[in-house]
Every structure is written in structure tokens, then in C-alpha cells.
Amino acid sequence: MPFCPKCGEEVGEGFVFCPKCGQSLKVEVTPENTSGQGDSAIVPEEIKGWSWGAFALTWIWGIFNKVWIAFLVFIPVPIFGLVWAIILGVKGNEWAWRNKKWDSIEQFKDTQRSWNIAGIVVFAISVVALVVIIPAILIPLFLF
Ligand SMILES: [Zn+2]
């Protein structure tokens with residue numbers, strides 16, 4: 001005989017709600033955690049989406065998330081590095097889920113949230129460097 005998970009009351013088979021407290025007795029269908037299983041891993045929809053960490057930190061993010069193809073960012077072809085960073089931003093979360101064993105979707109999202117914050121900071125610094133610092137160095141060179 002199963003027991004109510006809320007009040008502990010013994011309930012008969014076939015009950016949808018606990019007759020004592022009204023708790024739903026339907027078994028929560030949690031999808032199996034297949035992270036780390038490579039191509040056979042099922043990627044949960046909720047982890048997909050843009051990864052600032054993968055985009056801005058590329059190979060550093062790749063080491064910690066076992067996404068070794070992040071190192072392709074070093075291929076010395078003009079523009080390729082930037083294109084690869086964008087691909088990492090798009091596909092990074094999915095690859096990280098496939099390549100590394102995660103405890104849960106929540107743990108994955110918590111970890112990637114930290115990476116995203118770091119990625120946004122690095123990206124912002126890069127933009128500031130491009131827009132402010134480089135002209136600040138170059139303009140005086142042309143003026144004097
Ligand atoms: Zn109950």
C-alpha cells in the first residue's frame with residue numbers, strides 16, 4: 001500500500017488525491033538526467049539558450065565545462081575566432097550538458113548563471129576597451 005507523501009496516510013491503490021489531506025498522489029515525471037552521455041544525452045529545453053560564459057570566456061569556460069572544441073577559437077583564421085565564439089554562445093549550454101555529468105538541471109543552471117555573469121563582465125570590459133581605451137591611445141598618436 002502506498003503512503004501519502006504529505007501527511008503519511010496510507011492510501012489505497014488507484015487514488016489520485018490523498019483522501020485525508022488532498023495531496024496529489026500522481027508521481028512526478030522527472031526526465032532522466034542524461035548529462036555527460038555525449039551524443040545520447042537528452043538536452044532539457046530549459047537549459048538551452050545563449051551562454052555569455054561560453055561566448056566571452058571561450059576556452060576558459062570550455063575547460064571547466066569539458067567542452068574541448070572551445071579551443072578551436074585559437075585557429076588563426078581572421079574572424080574565425082569571433083564566429084566560433086558566437087557559435088559557442090549559441091551551442092555552449094547544450095555541449096556542456098552533453099559532455100559533463102551534472103547533478104541536476106538546477107545545478108547546471110546555477111553554475112552557468114555564474115559563468116554568464118563573468119562572461120558579461122568580460123564582454124563589457126572588452127567593449128569598453130575597444131570603444132574608449134584603444135582610441136584614447138591611438139588618437140594622441142595621430143595628433144602629435
Ligand atoms: Zn495526505
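Predicted model: local features only at pLDDT ≥ 70, side-chain atom pairs only at ≥ 80, totals over all residues.
Trainee: Why is Ile117 called exposed?

Mentor: Ile117 lies in helix H3, and its C-beta has 12 other C-beta atoms within 10 Å. The word exposed applies when that count is 12 or fewer, and therefore Ile117, with its 12, is exposed.

Trainee: Which residues of H3 are buried?

Mentor: Phe108, Gln112, Trp115, Asn116 and Gly119 are buried in H3. What makes a residue buried is a count of 20 or more other C-beta atoms within 10 Å of its own. What covers these buried residues of H3 includes helix H1 (52-64) and helix H2 (80-99).

Trainee: How far apart are Ile117 and Trp52 in sequence and in space?

Mentor: In sequence Ile117 and Trp52 are 65 residues apart, while in space their C-alpha atoms are 7.5 Å apart. Trp52 is one of the buried residues of H1, whereas Ile117 is exposed.

Trainee: How do you know that H1 is not straight, and where does H1 bend?

Mentor: A straight helix of 13 residues would span 18 Å at 1.5 Å a residue, but H1 spans only 14 Å between its end C-alpha atoms. H1 bends at Thr58, by about 120 degrees, and that angle lies between axes fitted to the seven residues ending there and the seven starting there. Thr58 itself belongs to the buried residues of H1, which also include Gly53, Phe55, Trp61 and Gly62. H2 and H3 are among what covers the buried residues of H1. After H1 comes Lys66, whose phi is positive, near 60 degrees.

Trainee: What span does H3 reach, and what is expected for H3?

Mentor: Helix H3, residues 105-143, has 39 residues and reaches 55 Å from its first C-alpha to its last, which is close to the 57 Å expected at 1.5 Å a residue. Even so, H3 bends by about 40 degrees, and the bend is at Ala129.

Trainee: What domains does the assignment give, and how far apart are their centres?

Mentor: The domain assignment of the protein chain gives domain 1 as 1-30 and domain 2 as 38-143, and the C-alpha centres of domain 1 and domain 2 lie 45 Å apart.

Methods. Residues numbered from 1 in each chain as written. Helix = DSSP H or I, 4+ residues; strand = E, 2+ residues; numbered from the N terminus. Expected span 1.5 Å × (residues − 1). Contact = placed C-beta atoms within 7 Å. Domains from an automatic or database assignment.
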